[in-house]
Amino acid sequence: MNTVWVRRTALLLLLLVTVAAGACGKKKPPIARPIPPPPGGSTTVTPPPEPPTPAPEPTTVPPEPVAEDTIAAGSIDDINRNSPLKPVFYALDAAEVDADGQKVLQGNAEILRRYTTWQISIEGHCDERGTAEYNLALGERRAVAARNYLVSLGIPADRVKIVSYGKEFPFDPGHSEEAWSKNRRAHFVVTAK
Amino acid sequence: MPQKPILLILILALAYAGVRATAQAPAATGQQRPQPSEIELSITGEPGAPPKYAVPDFIALSPDPETAAAAKTVAAVLWDDLGFEREFYLIPRDTYASIPPARSLTDIAFDRWRELGADGLVTGTVQKTANGLRLEVRLFNVRARQSVFDREYSGPATNPRFFAHTVADEVHQQQRALRGVARTKLTFSSDRDGERVQGTVERREVKEVYISDYDGANQRRVTVNRALNIMPTWSPDARSIAYTSYRRGYPDIFISLIYQGTLQTPMAAGGTQNWLPAWSPDGTRIAFTSSRDGNPELYVANRDGSNVRRITNNPAIDTTPTWSPTGAQIAFTTDRTGSPQIYVIGADVLNLRRITSESYCDRATWSPSPFNELAFVCRTGPGYDIKIYDFASAQTRQITFGEGSNESPSYSPNGRHLAFTSTRAGKTQIFTIGRDGNGLRQVTTLGNNYTPDWSK
């Protein structure tokens, strides 16, 4: 491949130089007729220095498919560690999926349509401000709300399990609104691929 | 791995065997001696004040250090136990130093105890035997210089505290016709082991089920499955603990027969999710929450899982059941009006009525008779406080007042106390408190501890 390319470039350069050396034939279109290279004095300048320049060409080919494979190629733990499935967040004491949540779920549905073998579990989580007992039920409703929306987007219900952890597993152990807002969520876990 | 639970079972079985042996001993040897007449039996204090009791170290009749230690332990624990019901005033043990210790039960310095203000003196002897320990216990009416309680106990030496608990319960019974709780136990869940749940990317701490004596002594781990094990509750016969476990990846109800080491999952049906079990007072049925029909609802089933009956039918959340003492009614939490509130429904699914109208209430627990009240938690600010609703007067009173967050109340079997969790001392710990809001005691100190339940 390379040698062919070098030869062609050299030929092209030779031609250009010849035309320049002729310094006249503006009217003549530079038809590629590489027949007899005129043995002028300028011929010595040409081929050797130029070849190293052609960098751009190879870059156009490889990158995209490689990135796609890394998602599917990792272990399930790898997928969950840097999950393409994003969490849905909820208001205090509420289990309704709001507009932001719907957007997130549309993105998650997109991923699930691409990886049709993935099975997922939606975990319902709550912040620490509710009671441990009631939060088990509230987390359940949050997970159910997220699943119902996914199913409405065409994801088969049998790919989606749900489990409520109430307030047992906070993502942020803090006691501020910032921590609480992270902990009121439907969290997506890939369980099989 | 398999040895661990077996070892635990063995320990529990031995402990239980010991308990049975000691529990039966006083019945066998107890009431044979002649007792003074009824009038003199009851020790009284100054008019309008509780009688004052002193409990000096028991007399060690055997020279070995184990007996000496037991003589001290029994007295210290008995002092605690007798103070717990707040029927007697217990004179602090560090004020006895000036009184010469007795060498025998006929050598009591009654005058000196009278000077100290004691109305009653509880003391006794501890002797080593082939099978453990033998105790002789007296309660003296100090003014009359007369023994009003004269019993003998024998049992294994492994847990001297249990002798004290037995004596305390019997003294309360004799002096006050009161069922003491010194031999009852608590169960709760704890993250103290700091172990990590397997199979998750995030770091998640396990919670395991524990049991302890009512005063927090003898804390023992019951579950060893490194998952979430929460909301344990004693069967009425105190031989089983039902709890919610995620060991199969979702919440289900497990019953651990702790003295046999066997496990049952009676509610498991086709992967349905079940949680928050509550035993009926006779132990034959279990009420619980399940999402088996798509929404958190209340169900009742027989203990073996048969005869499942749905109690609630509402698109709202219905959860956290507790039985009335006769088993005829169930109090529970529902958010059908928007926020969680306490309701009561007949076990026959009739007569639904609302009890609370506050911002947020949960975890009702029905008192045993003779009281007829519901303890529950209410959001009172950033945290929760414990309130009690009295059915007779339809009045609600508050027990805790914003010191930390106070949750998950559970009645003692005599209805006079509540176990609950509080963050008032930092982490979440278990405390006990009188139903009048007095007599707070901290039970746990290790890790965080949650959802206590008091044996019946």
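This is a predicted model: local features need pLDDT of at least 70, side-chain atom pairs count only at pLDDT 80 or more; totals for chains, interfaces and linings use all residues.
## Chain A

The secondary structure of chain A consists of seven helices and four strands.

When the contacts in chain A with a separation of 6 or more are considered, 72% of them are between residues 24 or more positions apart in the chain.

## Where chain A touches chain B

The two chains meet through 16 residues of chain A, which are in contact with 26 residues of chain B. On the chain A side, helix 4 (76–81) and helix 6 (132–152) each supply at least two residues, and helix 6 gives the most, with eight residues.

## The domains of chain B

Chain B is divided into domain 1, covering residues 3–176, and domain 2, covering residues 188–454. The C-alpha centres of these two domains of chain B lie 34 Å apart.

## A four-stranded sheet in chain B

Four strands of chain B form an open sheet in the order 10-11-12-13, and their pairing is antiparallel. The edges of the sheet are strand 10 (229–234) and strand 13 (262–264) of chain B, each of which pairs on one side only. From one strand to the next, the twist averages 25°.

Strand 11 (residues 240–245) of chain B is joined to strand 12 of chain B by six bridges, and in one of these pairings Ser240(B) has Leu257(B) as its bridge partner. Strands 11 and 12 of chain B form a hairpin with six residues between them, and in the turn Gly249(B) has a positive phi of about 95°.

On its other pairing, strand 12 (residues 252–257) of chain B is joined to strand 13 of chain B by three bridges. Here Ser256(B) has Leu263(B) as its bridge partner, while Ile255(B) is partnered with Gln264(B). Strands 12 and 13 of chain B also form a hairpin, this one with four residues between them, and Gly261(B) in the turn has a positive phi of about 75°.

## The setting of strand 12

Why is strand 12 of chain B largely enclosed by the rest of the structure? Five of the six residues of strand 12 of chain B are buried, so the strand is largely enclosed.

Terms used: Residues are numbered from 1 along each chain as its sequence is written. Chains are lettered from A and ligands numbered from 1 in the order in which they are written. Two strands pair if DSSP finds at least two bridges between them. Axes are lines fitted to C-alpha atoms, for helices over the stretch in contact, and angles run from 0 to 180 degrees between N-to-C directions. Two residues are in contact if their C-beta atoms, placed from the backbone, lie within 7 Å. Domain bounds come from an automatic or database domain assignment. A residue is buried if 20 or more other C-beta atoms lie within 10 Å of its own, exposed if 12 or fewer, and partly exposed in between; C-beta atoms are placed from the backbone.
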